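Grab a pencil and work through these exercises with the model on screen. Try each task before you read its solution.

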Amino acid sequence: MSEQIEKAFQKQQGIFQNAKVAGKKSVKNNRWYKEVGLGFKTPKEAIEGHYIDKKCPFTGDVSIRGRILTGEIISTKMKRTIIIRREYLHFISKYNRYEKRHKNLAAHMSPAFIGVQQGDSVTVGQCRPLSKTVRFNVLKVQKKVVKGAKNFAKF
Amino acid sequence: MGISRDSRHKRSASGAKRAQYRKKRKFELGRQAANTKLGAKRIHEVRTRGGNRKFRAMRLDAGNFSWGSEAISRKTRIVAVVYNSSNNELVRTATLVKNAIVQIDATPFRQWYEAHYATPIGARKGKGAVKVESEEINKARSNHVQRKVEARKDDAKVDPALDHQFAAGRLYACLSSRPGQSGRADGYILEGQELAFYIRKLKK
C-alpha cells in the first residue's frame, strides 16, 4: 500500500503474510502488536494502522526498560524522531538558591502518534540505542492545553 | 588494515571533536567484508571473540530456500542476483547479501509439488503440443497414499504469479541469512505482496 516508500519491501519482521488463503481471513489486517507494559495503553492507530516501523515500541522490535521520563517537544522536524527539552533546577549551596538548567533529549516517535506538534508534553521510555543519539521512545503524548482552545489556534 | 567499530573517533552529539585518549582495542575490531559472490563454494573459517567461529562465505552457488505457504524447504542452486535495495553495484557484481533478491532453480520445488499434489505446475499454455505428464505425477502409489493425494487436491491452487515463474523454471527468492557470518545463503521464495512489489521494481 502507500507505506511501501522505500526500495526494500517494508513488512513486520516475524509475521508471515503469505499463508494460503482458505477463507475470508485475508481481509483482516494481519498485524502484530504488543503492550509495552508499565500501564501504557497501546494506541488504536498502532493496532489498526498500516505503517511499518521496526523501532516503534508497539509494533516493532524494541522493548521499554529502564527510565521513564517526561519532557516538552521542541522539534519534530526529523523523520520519526523528536527533540524533547527537560527542565530542572540546580541548587547552588553557597547562595542557597536555584538556577534553571535544561537538557535536550532525542526520542523516536512512532507513526502511531499523529497530529503531534511542538509544545506538547510527552512521556518517553528508555530502550536500547536506536541511533547515535536516540535511546528513548515516545510512549504517550499529552497535548498542550491552550487557554481559549475553543477558538482556532492557528490557520 | 585497522577497521575499528568504536565511536570514539566520531564527533559527539553536540558536534565537539573528541580527543583521542587511548589506542584501538581488540574488542572494537572490525573485519573485511565478505562480498560473497556467485560461484563454486568457497568458505573461510574465522576465529572470533571467545574462541567461537564464523564462516565467511567467499563464493556460494546453492542455498536452502523455503516455500512459505507450502511450508517446505529445499536445497537449490542460486542462478542470478536480480535486485538489491541498498546498492545497484551489488547486483552488477552478483554479490550475495542478506535481503538480496535472487533467482533460484525451481526444479526441486516442482518435483515436490507434483509428488505431493499429483497435478502439473507451471504448464505452458498455448505454445506447442501438450507436455507429457511427468513421472512424478503418474508414479505408482499405494491405495492409502493415493487417497491422501486426492484429498489434498483442493488445496493445490498456486498463485498465478508463482505459476508463471515455475513455467520459466526460475523462482524469485529473498536471502534471509548472512553469508558472511554463517557461510550459508538461505532464504525464502517471494510470494504475494512482496513478490508484486519486487516484480514492479525489476520492471523499471
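Predicted model: local features only at pLDDT ≥ 70, side-chain atom pairs only at ≥ 80, totals over all residues.

**Exercise 1.** Find which residues of helix α2 (residues 107-117) of chain B are buried.

*Solution.* Start with the terms: helices are DSSP runs of H or I with at least four residues, strands are runs of E with at least two, and both are numbered from the N terminus. Buried means under 20% relative accessible area, exposed over 50%, and partly exposed in between, with a 1.4 Å probe and protein chains only. The buried ones in α2(B) are B:Pro108, B:Phe109, B:Trp112, B:Tyr113, B:Glu114 and B:Tyr117.

Residues count from 1 along each chain as its sequence is written, chains are lettered from A and ligands numbered from 1 in written order, and side-chain values use heavy atoms, without hydrogens and water.

**Exercise 2.** Work out where the buried residues of α7(B) sit around its axis.

*Solution.* First, list them: B:Glu194, B:Leu195, B:Phe197 and B:Tyr198. Finally, check the face turned away: it carries exposed B:Arg200 and B:Lys203.

**Exercise 3.** Is B:Gln165 buried or exposed?

*Solution.* Locate B:Gln165 in helix α5 (residues 160-168) of chain B. Its relative accessibility is 7%, so B:Gln165 counts as buried.

Notes. Arc of directions from axis to C-beta.
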